[in-house]
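The sequence and the model come first, and the description follows.

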Amino acid sequence: MKIHEYQGKAILREYGVAVPDGFPAFTVDEAVKVYNKLNSKVAIVKAQIHAGGRGKGGGVKLAHSRDEVERLANELLGMTLVTHQTGPGGKEVQRLLIEQGIDIDRELYAGIVLDRESRKYAFMVSTEGGMEIEKVAAETPEKIIKEWIDPSIGLQSYQLRNLVFGLGLKGTQVKNGIKILNALWKVFVEKDCSLIEINPLVVTKDDNVIALDSKINFDDNGLFRHKELLDLRDTTEEDPAEVEAGKHQLNYIKLDGNVGCMVNGAGLAMATMDIIKLYGGEPANFLDVGGVANAETVANGFKIILSDPNVKTILINIFGGIVRCDRVAQGVINAMETVAVKIPVIVRLEGTNAKEAADLLNNSTLDFLVAHSFEEAAQKSVKAAKEAK
């Protein structure tokens with residue numbers, strides 16, 4: 001789960017991380033009131049969306065007066081902000097963060113993420129703050145200092161010192177840097193985060209170290225331990241189909257292709273997308289219906305897949321282990337009697353009672369393309385999508 005910058009900074013503040021004074025604003029009037037509340041002549045007006053690159057996209061502005069804050073708030077609220085992370089469609093700005101200006105001396109970078117290959121956490125810092133870390137990694141990887149943290153041991157003192165000195169901090173900056181990096185680690189662990197990124201982390205003219213930005217993502221699997229975090233969710237920033245799928249306990253992720261996929265089990269879903277690519281097609285989504293593929297589940301799956309106008313065909317690929325294939329087939333038939341599906345549907349059912357399931361589908365008055373193997377299912381799906389296109 002992603003949250004906005006101002007929400008992340010509120011959490012960081014609780015852990016003793018120094019952040020600029022600032023407050024969210026949902027209207028122009030609120031933006032002006034926030035500016036009047038801040039003890040700063042210079043204010044930063046920042047668009048709040050779940051994407052990076054806001055500054056380059058024109059979503060971060062400097063204001064020197066009340067009137068300027070009002071003008072910028074008028075410009076930003078309601079605009080469609082396009083960045084390298086939003087895609088060409090961009091995202092509508094519905095809220096702002098108004099915060100005090102900071103007298104910056106240096107811009108740095110700090111981030112923590114799970115490194116799946118090493119099965120450890122990677123704590124990264126760089127002196128190249130304010131830049132896209134991906135660009136730094138590609139062009140000057142030596143400027144990224146990394147410490148791999150064993151989750152069973154945690155962040156060690158020597159690692160913390162390596163990170164701080166890697167940032168080139170000196171004098172009182174060292175003490176401030178140790179405090180802020182240690183606090184970031186505590187937030188990451190105690191809140192079950194999957195990502196924390198501070199870009200830039202700045203050193204001020206008076207040697208303070210401040211988190212000028214905040215990007216925090218939480219591991220969805222840990223949210224049951226943090227009910228308070230659920231109030232921070234902004235569903236307007238998420239894909240509507242993914243939000244709807246969550247209401248029905250379906251795991252759905254929209255992709256860019258035209259072959260809709262409805263599969264039980266994450267592993268089989270990944271394999272299904274792979275084989276569609278192998279035969280020259282493009283999957284339109286990842287959709288795992290879980291262990292029970294009954295009529296209601298399938299119907300909800302159809303509705304979610306069909307909400308994507310790019311979908312030209314649907315592949316239903318079910319392995320019947322615990323769930324019987326004939327029950328799944330009947331569920332598919334019942335679902336298609338209630339949901340108007342006007343594109344080709346390819347069904348491949350394998351496992352318990354697969355033959356009975358095939359008989360049910362073949363004897364149905366509904367129009368199915370039944371596949372008897374994984375390869376045949378993929379080939380028929382790709383062909384149907386290309387013919388529709």
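## Overall fold and core

In this predicted model, residues 24 or more positions apart account for 68% of the contacts in the chain with a separation of 6 or more. The secondary structure consists of 12 helices and 18 strands. Along the principal axes, the C-alpha atoms fill a box of roughly 80 × 50 × 40 Å. Of the 389 residues in the chain, 49% are buried. The accessible surface is about 18900 Å², and carbon and sulfur atoms hold 49% of that area. There are 46 positive and 54 negative side chains, with the centres of the two sets 2 Å apart.

In soluble globular proteins, nonpolar side chains tend to be buried together. The largest nonpolar core here has 37 residues, and those touching the most other members are Leu12, Phe123, Leu181, Leu184, Leu201 and Phe218. Elements that each supply at least two residues of this core include helix H1 (5-14), strand S7 (104-115), helix H6 (172-190) and strand S10 (193-204). The largest share, 8 residues, comes from H6. A second, separate core of 35 residues includes Ala241, Ile316, Ala329 and Val339.

What does Leu12 touch, leaving aside residues up to four places away in sequence? The partners of Leu12 are Val17, Val19, Leu184, Val187, Ile198, Ala211, Ser214 and Ile216.

## Cysteines

A disulfide is a covalent bond between the sulfur atoms of two cysteines. The structure holds 0 disulfides. Cys261 is in no disulfide, and the nearest cysteine sulfur, that of Cys325, is 18 Å away. Cys261 counts as buried because its relative accessibility is 2%, under the 20% cut-off. Cys193 is also buried, with a relative accessible area of 7%.

## Backbone exceptions

Most residues other than glycine have a negative phi, and most peptide bonds are trans. The peptide bond from Asn199 to Pro200 is cis, with omega near 15 degrees. Pro200 lies in strand S10.

Notes. Residues numbered from 1 in each chain as written. Predicted model: local features only at pLDDT ≥ 70, side-chain atom pairs only at ≥ 80, totals over all residues. Heavy atoms only, no water. Helix = DSSP H or I, 4+ residues; strand = E, 2+ residues; numbered from the N terminus. Buried < 20%, exposed > 50% of the residue type's maximum accessible area, 1.4 Å probe, protein only. Contact = heavy atoms within 4.5 Å. Areas by Shrake-Rupley, 256 points an atom, 1.4 Å probe, with all protein chains shown as cover. Lys, Arg positive; Asp, Glu negative; His and termini not counted. Charge placed at Lys NZ, Arg CZ, Asp CG, Glu CD. Core = buried A, V, L, I, M, F, W, Y, C linked by side-chain atoms within 4.5 Å. Disulfide = S-S within 2.5 Å.
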